[in-house]
Amino acid sequence: MIAFHERGAMWRLSTLIALSSKLWGALTTRASMAPFVLLGVLTPGVAQSFPDIKPAPQQVAWQDLEFGVIIHFSTNTFLDREWGDGTADPSVFNPTEFNPDQWMKAIHDSGAKYVVLVAKHHDGFCLWPTEQTSYSVKSSPWKGGKGDVVGDVARSARKYGLKFGVYLSPWDRHEPKYKDSAAYDDYYQAELSELASNYGDLVEFWLDGAGSAGHVYNFPKIIETLRTYQPNTVVFADTGLFEYGDARWVGTESGQVPYENWNVIDRHGYLRWRPVEADTPLRNLHWFWHPNDEASVKSLGELLTTYDETVGHGAQLMLGIAPDRRGLLPDSDVARLEEFGKAIRERYSHNLALDHAATSADVAAALDGNPDTFWTAAEGSHHAVLEVSFAKPITFNRALTMEWLNAGQRVQKYSIEIWTGTGWSAVAGAEAIGHKKIDVFAPVTASRVRLNILSSSDAAAIREFQLYRVEDNVGPK
């Protein structure tokens with residue numbers, strides 16, 4: 001029997017084939033899932049092409065958020081654990097200074113645009129007063145059993161202008177029904193219905209098959225239930241759950257996208273628009289808070305490198321944070337988040353391209369600092385040049401380029417070049433731009449700069465071409 005391992009879950013190939021077949025039949029009758037799951041599906045027998053696949057509007061909006069935070073806070077917090085086994089007494093959950101506003105202010109200051117709360121981790125303890133089990137906050141001493149972490153965090157997130165989402169672990173190490181697939185499926189659907197119908201719009205729903213222990217999850221039903229209440233939610237899932245997600249995992253928890261990043265991927269012979277999200281914790285290797293652990297907080301230099309290698313590679317950055325036993329983010333975490341946000345704003349707040357010499361209106365649309373406007377190459381072209389001129393030479397060491405993706409990802413090879421006086425010299429280049437590409441290179445000085453699109457599947461469309469000089473000298477420490 002062939003098997004493979006993804007994110008802690010062992011999947012048998014035969015199971016995947018059976019699920020894929022079952023899903024295909026289900027998808028053809030479920031119109032409510034069409035905006036996402038059917039995106040890019042063509043009539044059977046009609047060939048698909050990568051450039052033909054386009055994102056749904058919800059995916060475009062989600063990619064523009066760029067940076068989110070996932071929050072781990074549960075019984076594990078009070079027991080110095082990363083993975084609970086479902087035996088923790090609910091009485092251990094009793095934060096003394098619970099204040100999600102403190103979390104959200106720090107998250108907002110970091111520059112993040114959305115939060116995903118782990119509403120239930122693998123131990124099965126629920127952070128809202130679910131009607132499906134007593135293994136939840138209603139059995140804890142916190143707020144006399146009347147508290148609702150999910151509700152409080154959702155309200156606080158929106159108060160600070162942040163979008164809100166949840167993770168509901170399919171694996172449940174506490175619930176006795178887990179041994180009975182049909183009974184547990186009903187249990188999980190009921191929990192999901194509560195979260196999807198009682199806490200407002202959900203920007204993202206995390207989905208995985210971690211620790212399935214032989215249990216075959218009913219993923220088609222999970223998506224159907226979610227879509228009943230949340231038709232616009234972006235579902236994040238491993239590529240092994242390709243049919244069920246709208247965004248995909250990067251493949252590691254390092255906070256890096258180590259490959260040319262294409263939004264369209266191929267699984268099971270079908271192509272889908274599946275933008276990538278790269279998750280990594282603020283504290284090295286730790287998603288939950290642990291005592292005596294201050295040394296694990298990542299340095300500013302590490303976080304800036306992470307930003308450049310996620311957001312700067314066209315992906316979403318999902319940074320993990322963890323409140324402590326008080327129900328507060330540690331002071332060190334708050335300080336680092338604020339420091340990180342300030343550094344990013346300083347790095348990318350002085351766009352030298354804004355001071356370009358007069359140019360045509362269409363080229364100016366890519367130089368105006370407004371991602372809602374864009375320049376388009378000549379119709380039907382597969383090569384184009386976007387040139388910027390300056391009254392005086394400028395010195396820069398970073399270029400930020402954004403592709404307009406509504407019609408698909410088109411740029412297949414490009415270079416960034418400067419005029420030396422005798423010819424054009426490349427300072428950076430790659431084989432994909434996508435949502436956003438940040439190229440870093442040694443400082444150069446020039447009065448003419450160009451984005452040379454060497455190859456594109458169709459007329460390239462560029463939202464932004466920006467130039468920066470970064471001198472903060474911050475490195476990993």
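A crossing of two helices is called left-handed if the near helix is turned anticlockwise from the far one by less than a right angle, and right-handed if clockwise. Keep that in mind for a helix pair further on. What you have here is a predicted model, in which local features need pLDDT of at least 70, side-chain atom pairs count only at pLDDT 80 or more, and totals for chains, interfaces and linings use all residues. Residues are numbered from 1 along each chain as its sequence is written, and side-chain values use heavy atoms, with hydrogens and water left out.

Let's begin with the whole chain. The protein chain holds 11 helices and 18 strands; helices (H or I, at least four residues) and strands (E, at least two) are DSSP runs, numbered from the N terminus. Of its 477 residues, 57% are buried, where buried means under 20% relative accessible area, exposed over 50%, and partly exposed in between (1.4 Å probe, protein chains only). Among contacts (heavy atoms within 4.5 Å) between residues at least 6 apart in sequence, 76% join residues at least 24 apart.

Now to the barrel. Strands of a sheet pair through backbone hydrogen bonds, either parallel or antiparallel. Here, 8 strands close into a barrel with parallel pairing, in the order β3-β4-β5-β6-β7-β8-β11-β12; two strands pair if DSSP finds at least two bridges between them. From one strand to the next, the twist averages 25 degrees. One of the pairings is between β5 (residues 163-168) and β6 (residues 204-206), with 2 parallel bridges, and Tyr-167 has Trp-206 in β6 as its bridge partner.

6 of the 6 residues of β12 are buried, so the strand is largely enclosed by the rest of the structure. On one side sit Gln-316, Met-318 and Gly-320, and on the other Leu-317, Leu-319 and Ile-321. Strand β3 (residues 67-71) pairs with β12 through 5 parallel bridges, and Val-69 stands opposite Leu-319. Strand β11 (residues 276-281) also pairs with β12 in the parallel sense over 5 bridges; there, Thr-280 stands opposite Leu-319. Lying across β11 and β12 is helix α9 (residues 300-310), which runs at about 145 degrees to β12. For such angles, axes are lines fitted to C-alpha atoms, for helices over the stretch in contact, and angles run from 0 to 180 degrees between N-to-C directions.

Next comes the helix pair promised above. Helix α5 (residues 100-110) packs against helix α10 (residues 331-347) at about 25 degrees, with their axes 7 Å apart. The two are therefore roughly parallel, since angles under 35 degrees count as roughly parallel, over 145 as roughly antiparallel, 65 to 115 as roughly perpendicular and the rest as oblique. Their crossing is left-handed. On the α5 side, the contact includes Gln-102, Lys-105 and Asp-109, and on the α10 side it includes Val-334, Phe-340 and Arg-345.

In the loop between α4 (75-79) and α5 you will find Ala-88, which counts as buried because its relative accessibility is 9%. Thr-75, Leu-79, Arg-81 and Tyr-135 touch Ala-88, not counting residues up to four places away in sequence.

Finally, look at the open sheet. Its 6 strands pair antiparallel in the order β13-β18-β14-β17-β15-β16. At the edges are β13 (375-376) and β16 (424-430), each pairing on one side only. Strands β15 (residues 411-419) and β17 (residues 437-456) are joined by 7 bridges, and Ile-416 has Leu-451 in β17 as its bridge partner.
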